[in-house]
Amino acid sequence: MLHTTNSSLTHPSLNSPIIHALFGGTFDPIHYGHLRPVEALAKLAGLKQVILLPNHVPPHRPQPEATAQQRLEMVRLAVQDNPLFTVDTRELQRQTPSYTIDTLKSFREEVGEQCPLAFIIGQDSLQAIHTWHRWSELLDICHLLVCSRPGYSKQLSTPEMQEWLEQHKIDTPAPLSHKSHGYIYLAETPLLDISATDIRRRHQQGLNCDDLLPPLIQNYIDSQQLYS
């Protein structure tokens, strides 16, 4: 059963540290390009649970077409039968821009200083991470788990950023559970060329999207007359 929460994370046992992994996004709509790489990452890194964080006011991209409640409902529908995922609503409760650093700090306060905490991003986000609010503090709070994205280099844009990556990069996920923060793991996940922008465009043009997102999401989009 899916549990939606905005607090009360469980502390791992001392003998077997649990990595609390977070995956944020606008999810306008959520699709297989979100879900399948993260499922593959979970197997690679031994993640027992991934917490999905729908954004309310994303600071780095255009505002969502679907409402916050519609996007939340789509996320719930997409993962309701998948025990890997839970949904956290704290970012949707904000009326100000959702800065990742603030969300991560709130989770760190809940799980404590010793618990491994990880934030999942795509290779596209890693390329632009230097534009994020207080980005240089991220690895003081969490690990970064990076999913592959088609068309994006694994080299960062400047020598300074590449040096930062090399200082923190690990080649195997094994160390993630033995340290609370500070590593970057570049995962070899499926390269799915799917975007919410393309899905919205296809809907506007009356094109089929059945292979791009779960049937329950397609049905919800149709019932709400979204993206038409």
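This is a predicted model: local features need pLDDT of at least 70, side-chain atom pairs count only at pLDDT 80 or more; totals for chains, interfaces and linings use all residues.

Trainee: Okay, what makes Phe 27 count as buried?

Mentor: Buried means under 20% relative accessible area, exposed means over 50%, and partly exposed is in between, using a 1.4 Å probe and protein chains only. Phe 27 has 1% relative accessibility, so it counts as buried. It sits in the loop between S2 and H1, and its phi is near 55°, a positive value in a residue other than glycine.

Trainee: S2 and H1? Where do those names come from?

Mentor: They're DSSP runs numbered from the N terminus: helices are H or I with at least four residues, strands are E with at least two. The loop between S2 and H1 also holds Pro 29, and the peptide bond from Asp 28 to Pro 29 is cis, with omega near 5°.

Trainee: How do you know that the length of helix H3 agrees with what it should be?

Mentor: The expected span is 1.5 Å times one less than the number of residues. H3 (residues 100-111) has 12 residues and should span 16 Å; its end C-alpha atoms are 17 Å apart, so that agrees. Its buried residues include Ile 101, Leu 104 and Phe 107, and S2, S3, S4 and S5 are among what covers the buried residues. Here covering is about contact, meaning heavy atoms within 4.5 Å. After H3 comes Gly 112, with a positive phi near 95°.

Trainee: What is the largest nonpolar core made of?

Mentor: A nonpolar core is a set of buried Ala, Val, Leu, Ile, Met, Phe, Trp, Tyr and Cys residues joined through side-chain atoms within 4.5 Å. The largest one here has 43 residues, and Ile 30 and Leu 41 are among those with the most contacts inside it. Helix H1 (32-45) and strand S3 (50-54) are among the elements that each supply at least two of its residues. A second, separate core has 24 residues, including Leu 53 and Ile 101.

Trainee: Why is the pair Arg 200 and Glu 65 called a salt bridge?

Mentor: The rule asks for a side-chain nitrogen of Lys or Arg within 4 Å of a carboxyl oxygen of Asp or Glu. Arg 200 and Glu 65 have their closest N and O atoms 3.4 Å apart, so by that rule they form one. Arg 200 lies in helix H6 (residues 196-204) and Glu 65 in the loop between S3 and H2, so the pair ties together parts that are 135 residues apart in sequence. At 16% relative accessible area, Arg 200 is buried, whereas Glu 65 is partly exposed at 47%.

Trainee: How many salt bridges does the rule give?

Mentor: The count comes to 11. Glu 188 and Lys 154 form one of them, at 2.3 Å between the closest N and O atoms. Glu 188 has a relative accessible area of 57%, so it's exposed; Lys 154, at 35%, is partly exposed.

Trainee: Which residues are linked in a network of salt bridges?

Mentor: Asp 102, Lys 105, Arg 134 and Glu 137. Glu 137 and Lys 105 meet at 3.9 Å, N to O.

Conventions:
Residues are numbered from 1 along each chain as its sequence is written. Side-chain values use heavy atoms; hydrogens and water are left out.
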